Structures are given as structure tokens and as C-alpha cells.
Amino acid sequence: MHTAPVGSPPRPPDHRPAARTAAALALGSALLLVLVAVGWHPLFGLDGDIARTTHRGAVAEPGLTHAFRILTDWVWDPLTMRLIAAVVVVWLAWRHSAWWTALWLALTVALGSMLQQALKAAVDRPRPVWPDPVDSAHYSAFPSGHAMTATVVCGLLLWLVHHLGAGPALWHTALGSAVISVLGVGVTRVWLGVHWPSDVVGGWLLGAALVAGAVSVHHRWAPPPAAPAAPSP
């Protein structure tokens, strides 16, 4: 078995698994986008059934609905997520001098924001309309900006926690927080009647595809770490 000579830089991670994952997720995202764009009846029928059921629950449970509004408008709001990412960008650049990774994170989050706004304008799907709404939202419905932004930011930060070699306690805390945030924001958007379920699924798929693609780019193009110093004779 061939071993690298002492003092040689470690081999960069293989970018191909992340690239394949990104391609599979992008394909699923494209399929769902097409189904939404053409108004595929079975999908729209399922969306309507779920949305009507959750809206009845939102009207009947005002306390839970109020809590969901706080979570979606403050804790999991896209602006909050982007501010968290911005803090991490500054921390990476200042504390670790990881300028390339900081720029990679900032550009990926910005790309996610531009992509979801472009798709909203292109698909132009109307949001649910209720005679007794419990919340309101602007712009078109597909994809859910809340779901996509949470997926992108939480996915990237979770990968960074692993990449930087966090211990088990921090890793499990980050994993739990990310899962709760990504799933939770999707639930709140449908519960509050401002998105169809497929909007949320579309946001999740697109966000996950972008994260996987960004990880592939990082694996392939990040500057290699400095080689360890050779032992003195």
C-alpha cells in the first residue's frame, strides 16, 4: 500500500460523492418544479387537502399558532438565518484566518437567496388564500424561502462543524438544532397557511442540493492545508 511521504500535504477530500448527491437532489428539485409549474392535479390536490387540514388546526389552536408565528417570524426567519451565517463568516475570517471558507460560505448563502427569488418570479405560484387567515406573506409561493434558507444555512454550518473537527457534544447539539430548525420552519409555514406543502418540500430539496454542491466545490477548490513541518534530523 502506497503511503504519502513524511511532510507531504494531505490529499484533498474526494468531491465526487457530494457532487453526485447534489446532482440527485437537483434532479428531484427540477422534477417537482416542473410538476408545480404545469399544475399537476394530483400534487395540487394533495397540497390542498393538507393545507385545509392544517389551517383548521391553526384557527382552532390560537395559542400554538401564536407560538409558530414567533418561531417563523423571528427564530427561523430568513433574515435571522442570514445574520447567523454572517457572524460565522466574520468568525472564520477573524479567528481562523479561513478567508477562502468565509468567502465560500457568504457566496453560497447569497446564491441561495438569489436562486429562490428567481424561481419565485419564474414559477409565480399563488399562495393559499383563506377567508379567515392567521398570517400573511409576500411574493410568490414556490419555493418556500423560509424552508430553503434554513436548509442552506443550517446545512452549511452543520458541515462546517464537522469539517472543523468539533467534539461529539457540539456535533450532536448542532445536528439536533439543524434538524429541528429545518423541519420546524417547514411545519410552521404550512400551519400558518402561507405555503403549500410542496413549496416547503421544494425549498428543502433546492437548499439541500445547493449545500451538497457547495460542499463539492469546497472539497475540490479549497486551498490545501499547509504541509506539516518535517522532523529535524
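Visitor: How many residues does H6 have, and how far does H6 reach from its first C-alpha to its last?

Guide: This is a predicted model. A helix can be read by setting its reach beside the span expected for its number of residues. H6 has 19 residues and reaches 26 Å from first C-alpha to last, close to the 27 Å expected at 1.5 Å a residue.

Visitor: Is H6 mostly covered or mostly exposed?

Guide: A residue counts as buried when its relative accessible area is under 20%. In H6, 15 of the 19 residues are buried, so the helix is mostly covered by that cut-off.

Visitor: What follows H6?

Guide: Gly 165 follows H6, and the phi of Gly 165 is positive, near 75 degrees.

Visitor: Which elements give two or more residues to the largest nonpolar core, and which residues there touch the most other members?

Guide: A nonpolar core is read as a set of buried residues joined through their side chains. The largest one here holds 32 residues, and Trp 104, Leu 105, Val 109, Leu 156 and Leu 160 touch the most other members. Two or more residues come from each of helix H4 (78-95), helix H5 (99-123), helix H6 (145-163), helix H7 (168-191) and helix H8 (197-221). H6 gives the most, with 10 residues.

Visitor: What is Leu 156 in contact with, leaving aside its neighbours within four places in sequence?

Guide: With those neighbours left aside, Leu 156 is in contact with Trp 104, Leu 105, Thr 108, Val 109, Val 211 and Ala 214.

Visitor: Where is Leu 175, and is that residue buried, partly exposed or exposed?

Guide: Leu 175 lies in helix H7. Its relative accessibility is 32%, so Leu 175 counts as partly exposed, between the cut-offs of 20% and 50%. Leu 175 and Leu 71 are 104 residues apart in sequence, and their C-alpha atoms are 19 Å apart in space.

Visitor: How many helices and strands are there in the protein?

Guide: The protein has eight helices and zero strands. From the N terminus on, the elements run α-α-α-α-α-α-α-α. The C-alpha trace spans about 80 × 35 × 30 Å along its principal axes.

Visitor: What share of the residues counts as buried, and what supplies the exposed surface?

Guide: Of the 233 residues, 41% count as buried. The protein exposes about 13,100 Å², with carbon and sulfur atoms supplying 72% of that area.

Visitor: How many positive and negative side chains are there?

Guide: There are 13 positive and 10 negative side chains, and the centres of the two sets lie 12 Å apart.

How values were computed: Residues are numbered from 1 along each chain as its sequence is written. This is a predicted model: local features need pLDDT of at least 70, side-chain atom pairs count only at pLDDT 80 or more; totals for chains, interfaces and linings use all residues. Side-chain values use heavy atoms; hydrogens and water are left out. A nonpolar core is a set of buried Ala, Val, Leu, Ile, Met, Phe, Trp, Tyr and Cys residues joined through side-chain atoms within 4.5 Å. Buried means under 20% relative accessible area, exposed over 50%, partly exposed in between (1.4 Å probe, protein chains only). Helices (H or I, at least four residues) and strands (E, at least two) are DSSP runs, numbered from the N terminus. Contact means heavy atoms within 4.5 Å. Accessible areas come from the Shrake-Rupley method with a 1.4 Å probe; for residues, only the protein chains shown count as cover. Lys and Arg count as positive and Asp and Glu as negative; His and the chain ends are not counted. The place of a charge is taken as NZ of Lys, CZ of Arg, CG of Asp or CD of Glu.
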